[in-house]
Amino acid sequence: MRLTYHGTSAAHYDSLDPGEPYLPADFVRDGFIHCTDGDRRLADTLTNYYAESEGEWLVLYLDLDLVTVEVKYEDPERVFPHIYGPLNRDAILSIKTIPRMTDGRFLIPPPLRWPPFPSDE
C-alpha cells in the first residue's frame, strides 16, 4: 500500500454521485487531482488555500496501488503525486473529517488504521 492524502470540502464530496468515479472541483481547472504524501503537508496546504472557506472538510486516504488512471510525480523535486483522471472509488481506503481551529487553520488529519477495526466502519 502506498498511502497518499487528498482534501476536499464535505459539501462538494456529498454533492457527487457515489456510483461514479470521484472528481474534485479543481480537476477541470488543473487537469489532475492534487494529493500529498504527508499528513502535516496536507494540513498546511489546506490552510494556505482554504482557511477562509466555510464548512466541514474531508481527508480521503488513497492507496496509489489501487488507482486505475495515471499517477505522476511531475519532476524530481515534487514529492506529491497528481492523479490524471477520475479516481476509482475503490482506491479510497477511508474518509474522515479533517479537524480545524476556530480561525480556519487545518490540523493534522486523524491517522489511518489499516486494516480498519470494526468500530472504525
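**View 1. Asp65 and its partner Arg2.** Partly exposed covers the range between buried, under 20% relative accessible area, and exposed, over 50% (1.4 Å probe, protein chains only). The side chain of Asp65 meets that of Arg2 in a salt bridge (2.7 Å, N to O). Asp65 sits in the loop between β3 (57-63) and β4 (70-72), while Arg2 belongs to the segment before β1, so this pair ties together parts that are 63 residues apart in sequence. Strands such as these are DSSP runs (E, at least two residues), numbered from the N terminus. Arg2 is partly exposed too, with a relative accessible area of 40%. A salt bridge here is a side-chain nitrogen of Lys or Arg within 4 Å of a carboxyl oxygen of Asp or Glu.

**A note on the model.** This is a predicted model, where local features need pLDDT of at least 70 and side-chain atom pairs count only at pLDDT 80 or more, while totals for chains, interfaces and linings use all residues. Residues are numbered from 1 along each chain as its sequence is written, and side-chain values use heavy atoms, leaving out hydrogens and water.

**View 2. Thr4, a buried residue in strand β1.** Here we turn to Thr4, found in strand β1 (residues 3-9). Thr4 is buried, and its relative accessible area is 0%. Its side chain makes a polar contact with the side chain of Asp37 (2.8 Å). A polar contact is a pair of N or O atoms within 3.5 Å; within protein, one must be able to donate a hydrogen and the other to accept it, and residues adjacent in sequence count only if both atoms are side-chain atoms. What else is Thr4 in contact with, leaving aside its neighbours within four places in sequence? Besides Asp37, look for residues including Cys35, Leu60, Tyr61 and Pro81. Contact means heavy atoms within 4.5 Å.

View 3. The side chains of Arg105 and Asp103 form a salt bridge (2.8 Å, N to O). Arg105 counts as partly exposed at 41% relative accessibility, and Asp103 is partly exposed with a relative accessible area of 45%. Elsewhere, salt bridges that share partners join Asp26, Arg29 and Asp30 into one network.

View 4. Is Arg29 exposed or buried? Arg29 counts as exposed, at 61% relative accessibility, whereas Asp30 is partly exposed at 26%. The structure holds five salt bridges.

Notes:
Helix = DSSP H or I, 4+ residues; strand = E, 2+ residues; numbered from the N terminus.
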